[in-house]
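Try each task on your own before you read its solution.

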Amino acid sequence: MSKPFRGGCACQTVRYEVFGEPVAMVDCQCRQCQRDSGTGHASHMVFAGAEVKVEGEVRTWDLVGDAGTRKRSGFCAICGSPVLLTFPDAPAIFSVRAASLDEPGRYGPQFVTWTASAQPWDCIDPALTRFERMPPGQ
Ligand SMILES: [Zn+2]
Ligand SMILES: [Zn+2]
C-alpha cells in the first residue's frame, strides 16, 4: 500500500489521514458542487472501505443529489472549508476534496460528471470522459 493520503482544511484545524487507494477521482460540475466550491466544479477523491482518521471539529450538512443519493458534506467548524463528503446510505464510501490534500498533485481526475450544468468559463481537460449527469449505475 502506498503512503496514506493526508490533508486538511484551510486553517488546518481539521486534519485527516486515509489509508487506502482511491477508487475514483471525479470533477463534478453539478450546481451543488458549484455553489459549495464557489467555482465551476468540485474535485472529489473517493475511497471505499479505507481506514480513515479525522481530527478537529467537522460540521456537516446533508443534501440530496438529483439522483436521490443522500450526501453529507463535512466542513471545518472554524474556517468553513468543505473537506469531506460521506454518504449515509453507503458508510464505506469516504471522499475528500482534492485541494485539501497536502499533496494535491496526487489527485488526477478520471472523468467529469454533470457537464449538463457546466459553465463556459470552467474549462476541464477535453480529453477526459464526460457524463452529462452521473455515470450509468451510480
Ligand atoms: Zn479550518
Ligand atoms: Zn457535484
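Keep in mind that this is a predicted model.

**Exercise 1.** Work out which residues coordinate the zinc ion (ligand 1) and what geometry its site has.

*Solution.* Next, check the angles among the four donor atoms, which run from 105 to 113 degrees. Four donors count as tetrahedral if all angles lie between 85 and 135 degrees, so this site is tetrahedral. For comparison, the ideal tetrahedral angle is 109.5 degrees.

**Exercise 2.** Find out which parts of the chain cysteine 11 and cysteine 79 tie together.

*Solution.* First look at the spacing of the donors of ligand 1, C-x1-C-x64-C-x2-C. Now place the pair: cysteine 11 sits in the loop between strands E1 (5-8) and E2 (15-19), while cysteine 79 sits in the loop between strands E7 (70-76) and E8 (82-86), so together they link parts 68 residues apart in sequence. As for accessibility, cysteine 11 is partly exposed at 34%, and cysteine 79 is partly exposed at 33%.

**Exercise 3.** List the protein donors of the zinc ion (ligand 2), then decide whether cysteine 30 and cysteine 33 are buried or exposed.

*Solution.* The protein donors are the SG atoms of Cys28, Cys30 and Cys33, 2.2 to 2.3 Å from the ion. Along the chain, their spacing reads C-x1-C-x2-C. Buried means under 20% relative accessible area, and both cysteine 30 and cysteine 33 are buried.

Methods
Residues are numbered from 1 along each chain as its sequence is written. Chains are lettered from A and ligands numbered from 1 in the order in which they are written. This is a predicted model: local features need pLDDT of at least 70, side-chain atom pairs count only at pLDDT 80 or more; totals for chains, interfaces and linings use all residues. Side-chain values use heavy atoms; hydrogens and water are left out. Donors are N, O and S atoms within 2.8 Å of the metal (3.2 Å for Na, K and Ca); water is not among the atoms, so sites may look incomplete. Four donors count as tetrahedral if all angles lie between 85 and 135 degrees; four count as square planar and six as octahedral if opposite donors are over 155 degrees apart and all others between 65 and 115; anything else is irregular. Helices (H or I, at least four residues) and strands (E, at least two) are DSSP runs, numbered from the N terminus. Buried means under 20% relative accessible area, exposed over 50%, partly exposed in between (1.4 Å probe, protein chains only).
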